[in-house]
Amino acid sequence: MTEPLSHDLTEFQERLKYPLDAFQLAACESLDRGKSVLVAAPTGAGKTTIAEFAIWLARGREQGRVFYTAPIKALSNQKFHELRAEYGDDEVGLLTGDTNLRGNAPITVMTTEVLRNMIYEGSKDLDDLAYVILDEVHYLADRFRGAVWEEVILHLPPHVKLVSLSATVSNAEEFGDWLHTVRGNTEVIVSEHRPVPLFQHVMVKDTMYPLFVDRDGELAQRGKLNRELVRMERGSESDRRGGGRGSFTRRNRIQHGRLAHMLDEAKLLPGIVFIFSRKGCDMAVMRCLQDGVRLTTKEERDAIRRIVKHELRGFSRDDLSVLGYNAWLSGLERGVAAHHAGLIPQFKSIVETLFQSRLVKLVFATETLALGINMPAKSVTIEQLDKFNGETRVPLTPGEYTQLTGRAGRRGIDTEGHAIISWESRQDLDVIAGLASKRLYPLKSSFRPTYNMAVNLLERDTVEQVRETLERSFAQFQADKDMVTLAQEAQDQQKSLAGYERAMQRAKGADRERWKRRYAKLKRETDRKVRQVSRRTSTIARVFDRVTLVLESLGYLDDTGETLKPTQHGELLRRLYGERDLLVAECLRYGVWNALTPPQLASLAAGVVYEPRREDEGWEPRIPGEALRNAYADTLDHWARLDGLEEQHHLPLKERPHPGLMQAMHVWASGRTMEETLERTHLIPGDMVRVTKQTIDLLDQIAGLDHPLAERAREARNLIDRGIIASSKATA
């Protein structure tokens, strides 16, 4: 006999428009019993409802705050608007680095990096925190930013309960075991059920074929491979051996205008077409316009113009001209648009809004759209099954395929979703079937100690305590599961030892002797476990040791005789976040940038944050002014010195700072127009906006330091935070 639902859960369920699914109910019941939860379920299954129940509990009986974290600013902004519509303006805040709105609100949406920084700064906002919702927590596998998730999980106060929401991963239980070990009582809820069935298709030339069919040869979610496709593949192989072109050739690359008409006729719109190239997305929209595609009615076109005009009311005519506004609007009015990182945030936001409203019917997007942004479609088309990873072309993984096709089929709107694969030569039908069949993928930690992490942890703890903390990371857990348990037990027992010692000091006579015996016994056990831990692999802790050796040799850490503590220079490094944290600290410490004017400082900061794309390789643009050239050369000298140290200590090497955007940033900081600025670079406006925001973030960090450059950094920041840049901040 099942227990009756609590008053809180009953009341919450009554306000919903639909009954809770089994996995939602299980997760909510766990939260109701005071547990943390890890929920792994397919995209669109309704994981957000569980987060809403945590908010319901926090605002009710818990009387505490909720932090809702997301991996990217776009998702944070979207979630902020959704929650604000639900709970009202005064109840919801937003913190994303470049936006600070009602940061003390009961429900605060933020990027995970913002929460990590709050933890290291010992923010008082954590005192009355009841829940942290970690949306898209599988993002901790990201090799660039994934470590932040583990830092947050390891260092949040023990009283905070976690609501971790993940895509369906094949090792959810392993991840849940780790969460249980480091955070306490954590329930793992896994659902592989997709509420809206997904059907797979292969497109050959202008025809769409089912990938899987049932015994009657009809479209099926699972089953056997379509015999017609198998025959076509065999025929293609035979033709190729005989010198013919066969049915499947690279000339079968889809015609985007024809695709738009085909999806429209098949009633598979709204749809998303994933193309792993920004230029490819823009060209697809252009081809649709050239082919006369029009997917909208007059009333829809009028509505599109009204929305666009309202959302871009802060932009000048010159700004819009630089952004290619007229061509972009023409695509929107016809119901087609591109969505990629090269667009300014405002343009992307408008595309998302219009797509959600079913005014834009077809979006050509890069894979960044699959990162949880709420743009559910009836169909998803994947143009290629491989992509460029920065070095070479690699095949899509089952996990990536799952993320992309997960957008197809909208719960509460669609009865089914459709995934369409465009066939190319050299593709294996069995490989496609394997991608479509494997709904799961493993979650692998990308955690590694950084310089900033080291000085922040050593500010709070001893070297041994930090090493013990790092032994509890998911990375170490995967390397040696027993290590985490032992390290956790040793740490818990050391806390108990401190309590025993206090009890001994207070007790007298026979009681004191009893406490002494208990203390001695526990001390022997604890020492044994500490020795066991130290004899283990300690992969992560050894990297930390190498990091501290570098920092100690440079004077950022000082050996006090008992432990390492940040020096004055270490205190500066504690406030600097980013891939080049130590390089920035060295340049500030040695006054490398002290002679620069605010425009020059903005230019140099852009050189530090800019990560060149392939087309930048070998390109050395002009750096304006002798002072700036000298400062850049000195910066490179410090980079080369650090590069040698890192190589000597077997640490990952950082890329050389690139001057690709320095001249353009100097022009922009000097008050020139965006058009004049872009003439100094081959970047498109969206890239310029993105790098400028990263530059602003670094300047903000410098401005917050007790350093001679702080005031100049503020001036530099204000010089570049104008026009398109200021207007492109997500509206909140």
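This is a predicted model: local features need pLDDT of at least 70, side-chain atom pairs count only at pLDDT 80 or more; totals for chains, interfaces and linings use all residues.
# Notebook: cavities, sheets and a pocket

**Entry 1, cavities.** Residues are numbered from 1 along each chain as its sequence is written, and side-chain values use heavy atoms, with hydrogens and water left out.

For my own reference, a cavity is a set of points, on a 1 Å grid over the protein atoms alone, where a 1.4 Å probe fits but cannot get out; lining residues have an atom within 4 Å of a point. Grid points are joined across faces, edges and corners, and a volume is the space filled by probe spheres set on the points.

The largest cavity holds about 90 Å³ of space. I listed its lining: Y451, E579, R580, D581, L582, L583, W639, L642, D643, E646 and K654. Helix 24 (581–589) and helix 26 (626–648) are the elements that give two or more residues to this lining. Which of them gives the most? I found that helix 26 does, with four residues. By class I noted five nonpolar, no polar and six charged residues. Here Ala, Val, Leu, Ile, Met, Phe, Trp, Tyr, Cys and Pro count as nonpolar, Asp, Glu, Lys and Arg as charged, and the others, Gly among them, as polar.

I stepped back and found 31 helices and 21 strands in the protein. Helices (H or I, at least four residues) and strands (E, at least two) are DSSP runs, numbered from the N terminus. The C-alpha trace spans about 90 × 80 × 60 Å along its principal axes. With 732 residues, a compact globule would have a radius of gyration near 27 Å, and the 28 Å of the protein agrees with that. The radius is taken over C-alpha atoms, and the globule rule is 2.2 Å times the number of residues to the power 0.38.

Next I traced an open sheet of eight strands, with the order 4-3-5-2-6-7-1-8 and mixed pairing. Strand 4 (100–101) and strand 8 (186–190) are its edge strands, each pairing on one side only. Two strands pair if DSSP finds at least two bridges between them. I checked strand 1 (residues 36–40) against strand 7 (residues 161–166): they pair in the parallel sense over four bridges. V39 has L165 as its bridge partner in strand 7.

Helix 3 (residues 48–62) lies across strand 1, strand 2 (65–70), strand 5 (107–111), strand 6 (129–134) and strand 7, and runs at about 170 degrees to strand 6. Helix 4 (residues 73–87) also packs on the sheet, touching strand 2, strand 3 (92–95), strand 4 and strand 5, and its direction makes about 170 degrees with that of strand 5. Contact means heavy atoms within 4.5 Å. Axes are lines fitted to C-alpha atoms, for helices over the stretch in contact, and angles run from 0 to 180 degrees between N-to-C directions.

I also stopped at E136, which has a positive phi of about 55 degrees although it is not a glycine. E136 sits in the loop between strand 6 and helix 6 (147–155).

A pocket is an open set of points with protein on both sides within 12 Å along at least five of seven lines. The second largest pocket has a volume of about 1400 Å³. Of its 44 lining residues, G46, T48, K79, E82 and N374 are the closest to the centre. Helix 3, helix 4, strand 7 and helix 14 (345–356) each give two or more residues to the lining. Helix 4 gives the most, with eight residues. I sorted the lining into 16 nonpolar, 15 polar and 13 charged residues.

Strand 9 (residues 198–204) and strand 10 run antiparallel, joined by four bridges. V202 has Y209 as its bridge partner in strand 10.
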